[in-house]
Amino acid sequence: MIRTIIDCDTGIDDSVAILFALRRPEIHVEGITTGCGNTSVDQATDNVLRLLKLAELSYEIPVAKGAGQPLEGTWDGPVVRVHGPNGIGGVELPSSEQCPLDEPASDFIVRMARENPGELTVITLGRMTNLALALQKEPMLPKLVKNVVSMGGVIYGAGNTSPVAEANIAGDPEAADQVIMAGFDLTMVGLDVTMKTRITRQRLEFLRAHCSASNRRVVDYLHGVLEYYLGYYRTQDFAFDHCPVHDPLAVLVAIDPGLVSLKKLPTRIECGGQYCRGKVVVDERPHHFDAPFVTHCLAVAGDRAAEELLSTFM
Ligand code: RIB
Ligand code: CA
C-alpha cells in the first residue's frame, strides 16, 4: 500500500490525478496540500474540497492550504486558457462542508512525516514550494519521507512555459533546486513522458458510454473538464482530439514504475538566466558536476498508461 500526501495546484490534470488516486486500491491518500500555480491557492483548495465530495469517500481526507507565492518573486496569476476560470475548466461542482485544516501545508507535511517515519510518498503535481518550506522547517525530511514523485521538468524535449522549462519547475525554480539538493529519493515525471501519454476523445467517449453507475458522476466530471483541456491542446499544439497526461502520470508512476524507463542523473535547476530559468540541468559527462542524483523518466508505455488511467473509472 502506498501511503501518500498529494501536493497540487488544482487545475484540470491535478483533479484527474486526485480522482484517479482516490479510486486506486494500491494508494491511500493521507492528505492533500495545495499551492498556487494553475489557479490561486484559495481556488485550488476549494477545488480539492469539492473533488473529495464528488468522490463520495467513506472517510475524510485532511486538506491543508499552502503557499500563495513562490519562494522568490510573485505568482503570475491563473492560467485560464489551459485550466479555465476556476482551474477546473469552468465546471461547477457542488461546494463541500469540509473545511481546510488550520495548519499550513508545510507544517502538515512535516507533522505527517514525523508521525510516520519512512512511510510516506509525497506526490507533487505543482510547484515544489510547500515541500521546500517543509524542508526549511525540518531538514531531516528527506530521511523521514519514503520518497517523492514529482510531475515536473523536461530533459530532452521542449519546455511548455519557455523553450526549455516546464511550468511546475519554472514557477518556482528555487524550491525545486532546494528539494533536489536536500537529497530526497526523488523521481521526476517530466514532459519527456507526459507529452507521450495521451487521452483521446475516442477513449473518453467509450468510458462515458460504458462506465458503471457508481462512477457516473465522476466520469461526467472528467468529460466536462477534459472537454476544456482538449480545446486548449487543439489550438495550442494542433493536437486533434487528444491531450497529454501530465499529473495523473506521476500517480501512475508511483504505483507502477514499470510504465517508464528510468535513469538516475546528477541534476540541478537553473535559477538564473533570461532564457533558461527553470531548466532542469542534468550532467551526462563521465566526470559530472557535483550534484545529487535524481531519477528521471525518459520513455513511457504511453498507451498502456492512458488505458490504465481511464479504465480505473469504468
Ligand atoms: O507542465 C504541466 C504541469 O503544470 C501540470 O502539473 C499542470 O497541472 C501544471 O501545474
Ligand atoms: Ca499541476
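1. Basis. Residues are numbered from 1 along each chain as its sequence is written, and chains are lettered from A and ligands numbered from 1 in the order in which they are written. Because the model is predicted, local features need pLDDT of at least 70 and side-chain atom pairs count only at pLDDT 80 or more, while totals for chains, interfaces and linings use all residues; side-chain values use heavy atoms, with hydrogens and water left out.

2. Calcium site. Ligand 2 is a calcium ion coordinated by Asp9 (OD), Asp14 (OD), Asp14 (OD), Leu125 (O) and Asp247 (OD), at 2.2 to 2.6 Å. Donors are N, O and S atoms within 2.8 Å of the metal (3.2 Å for Na, K and Ca), and the site may look incomplete, since water is not among the atoms. Along the chain, the donors follow the spacing D-x4-D-x110-L-x121-D. Asp9 and Asp14 are both buried, where buried means under 20% relative accessible area, exposed over 50% and partly exposed in between (1.4 Å probe, protein chains only).

3. Ligand 1. This ligand is surrounded by 13 residues, and the closest are Asp13, Asn160, Glu166, Asn168 and Asp247; a residue counts as near if one of its heavy atoms lies within 4 Å. For Asn168, a polar side-chain atom lies 2.8 Å from an oxygen atom of the ligand. On its own, ligand 1 has 270 Å² of accessible area, and the protein covers 96% of it (Shrake-Rupley method with a 1.4 Å probe; for residues, only the protein chains shown count as cover). Asp9 and Asp247 also coordinate the calcium ion.

4. Helix α12. Nine of the nine residues of helix α12 (residues 247-255) are buried. Among them are Asp247, Pro248 and Leu249. Helices (H or I, at least four residues) and strands (E, at least two) are DSSP runs, numbered from the N terminus.

5. Nonpolar cores. The largest core has 65 residues, and those with the most contacts inside it are Leu19, Tyr221, Leu222, Leu226 and Phe313. Helix α11 (residues 216-237) supplies the largest share of this core, ten residues. A second, separate core has 27 residues, including Ala113, Val145, Met188 and Val280. A nonpolar core is a set of buried Ala, Val, Leu, Ile, Met, Phe, Trp, Tyr and Cys residues joined through side-chain atoms within 4.5 Å.

6. Leu226 and Leu310. Not counting residues up to four places away in sequence, Leu226 touches Ile12, Val16, Ile199, Leu204 and Cys243; contact means heavy atoms within 4.5 Å. Leu310 belongs to helix α13 (residues 302-311) and is buried, with a relative accessible area of 7%. With neighbours within four places left aside, Leu310 contacts Ile199, Arg203, Leu204 and Leu207.

7. His296. Strand β11 (residues 293-300) holds His296, which counts as buried because its relative accessible area is 2%. Its side chain makes a polar contact of 2.9 Å with that of Thr267. A polar contact is a pair of N or O atoms within 3.5 Å; within protein, one must be able to donate a hydrogen and the other to accept it, and residues adjacent in sequence count only if both atoms are side-chain atoms. Beyond four places in sequence, the contacts of His296 include Ile155, Met188, Val280 and Val282.

8. Thr235 is in helix α11 and is exposed, at 61% relative accessible area. A polar atom of the Thr235 side chain lies 2.9 Å from the backbone oxygen of Tyr232. The loop between α11 and β8 (242-244) contains Phe238, and Asp241 is also in the loop between α11 and β8. Most residues other than glycine have a negative phi. Phe238, however, has a positive phi of about 55°, and phi of Asp241 is near 65°. Phe238 is exposed at 75% relative accessibility, whereas Asp241 is partly exposed at 21%.
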